[in-house]
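Biologist: Before we talk, could you put the model on the screen, so that each term can be set against its definition?

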Amino acid sequence: MMSMIWFVMIVGGVAIALVNGKVDIVNQVVIQHSQEAVTFAIGLTGIMAVWLGLMNIAEKSGLIQSMSKAMGPLIRLIFPEIPKNHPAISAIMMNMVANMFGAGNSATALGLKAMEELQQLNPQKDRATNSMCMFLVINMSSIQLIPLSVLKIRADAGSVNPTEIIGATLVATTVSTVVGILACKLMERKC
Amino acid sequence: MLTILNIVSIMIIPILITMILVHGFIKKVNIYEAFVEGAGEGFKTAVRIMPYMIAIFLAIGIFRESGALSLFTMVLSPITKVLGIPQEVVPLVIMRPISGSGALGIVRDIVHTYGADSFIGRVASTMMGSAETIFYTMAVYFGAVAIRNTRHTLGAALISHLAAVIASVVICSILFL
């Protein structure tokens with residue numbers, strides 16, 4: 001699946017660049033964007049290290065286990081395959097909290113930790129489990145409470161009331177998350 | 001209500017950090033050692049996801065800069081018309097799942113062209129806030145644990161994205177028209 005998307009995006013892009021007579025852009029992109037990717041990944045290293053360090057403390061102190069216990073019922077409803085008190089639960093919880101409050105990089109670090117925990121439960125290591133698909137779909141449906149960057153753009157553009165879209169955003173994002181969860185539950189049986 | 005949310009947004013990370021440290025301290029964990037031990041894992045993860053990031057950044061860059069994206073937008077416009085999505089926000093609908101910074105750039109354009117308080121401006125703002133990037137997230141999260149068969153993830157994510165788009169238009173029509 002990923003191969004197909006990747007192929008279409010690159011080969012299609014190069015072909016269209018040829019037609020548009022701006023092939024040189026491809027050269028620029030290859031250099032610039034690969035560099036950006038590395039810079040971004042290295043930038044993420046610091047915040048990754050911070051959260052993995054903190055999670056290690058929380059694991060040793062038992063905080064993770066008690067968090068998992070408290071959030072268990074809700075999580076079990078959405079992720080029935082995760083065993084009781086498994087560390088994946090708290091990593092998922094903390095990723096969602098970070099996402100809600102717009103702490104993007106912290107959320108990514110905690111999300112990757114959650115994926116590693118989920119992978120340990122996976123009997124077939126190269127195939128996504130239902131829990132992984134569900135976790136990613138919820139993540140990608142956006143659960144952020146305040147879209148700060150959008151508010152900034154609106155304020156810069158001279159909006160009378162930049163924050164008036166927050167209510168609409170919350171409703172739209174709730175709709176998309178619920179639809180995503182339902183779609184996952186329906187589709188996981190078929191593939 | 002909003003100020004409360006704003007304060008919580010600023011406070012959430014400090015609160016989480018303090019909570020973890022205080023709990024660890026009370027339970028007599030060697031917090032410094034435990035932190036350093038865990039932090040070491042961060043580098044491994046970053047190195048592991050780097051190739052996936054390069055792959056996806058490259059594809060997104062070429063697709064966007066070559067003009068393929070605008071062509072794709074044009075091809076899709078008959079479908080979006082049927083769904084009642086305003087033509088002006090179609091580029092955003094396409095870009096949102098592909099690239100976060102790209103989508104933010106489009107929102108900036110739309111807001112400056114049509115006005116932040118126009119219907120189009122409000123729909124674009126709502127859409128931006130209610131969806132997430134899909135391809136990047138999938139590449140990095142699945143890449144980190146070497147999953148190849150992603151099953152229904154993309155399908156369900158795109159359905160959820162479409163729901164966000166339609167919900168944004170409908171809710172803005174109810175609230176602002």
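What follows is a conversation about how the terms are applied.

Modeller: This is a predicted model, in which local features need pLDDT of at least 70, side-chain atom pairs count only at pLDDT 80 or more, and totals for chains, interfaces and linings use all residues. Residues are numbered from 1 along each chain as its sequence is written, while chains are lettered from A and ligands numbered from 1 in the order in which they are written.

Biologist: What pLDDT does chain B average?

Modeller: On a scale of the predictor's confidence in each residue from 0 to 100, chain B averages 90, and 97% of the residues score at least 70. The model scores ipTM 0.86 and pTM 0.87.

Biologist: Why does Asn85(A) count as partly exposed?

Modeller: A residue is buried with 20 or more other C-beta atoms within 10 Å of its own, exposed with 12 or fewer, and partly exposed in between, the C-beta atoms being placed from the backbone; Asn85(A) has 14 such neighbours and is therefore partly exposed. Asn85(A) is found in the loop between helix H3 (63–78) and helix H4 (87–100) of chain A, where helices are DSSP runs of H or I with at least four residues, numbered from the N terminus.

Biologist: What makes the crossing of H2(B) and H7(B) right-handed?

Modeller: A crossing is right-handed if the near helix is turned clockwise from the far one by less than a right angle, and left-handed if anticlockwise; the crossing of H2(B) and H7(B) is right-handed. Their axes come within 9 Å and cross at roughly 145 degrees, with axes fitted to C-alpha atoms over the stretch in contact and angles running from 0 to 180 degrees between N-to-C directions.

Note on methods: Helices (H or I, at least four residues) and strands (E, at least two) are DSSP runs, numbered from the N terminus.
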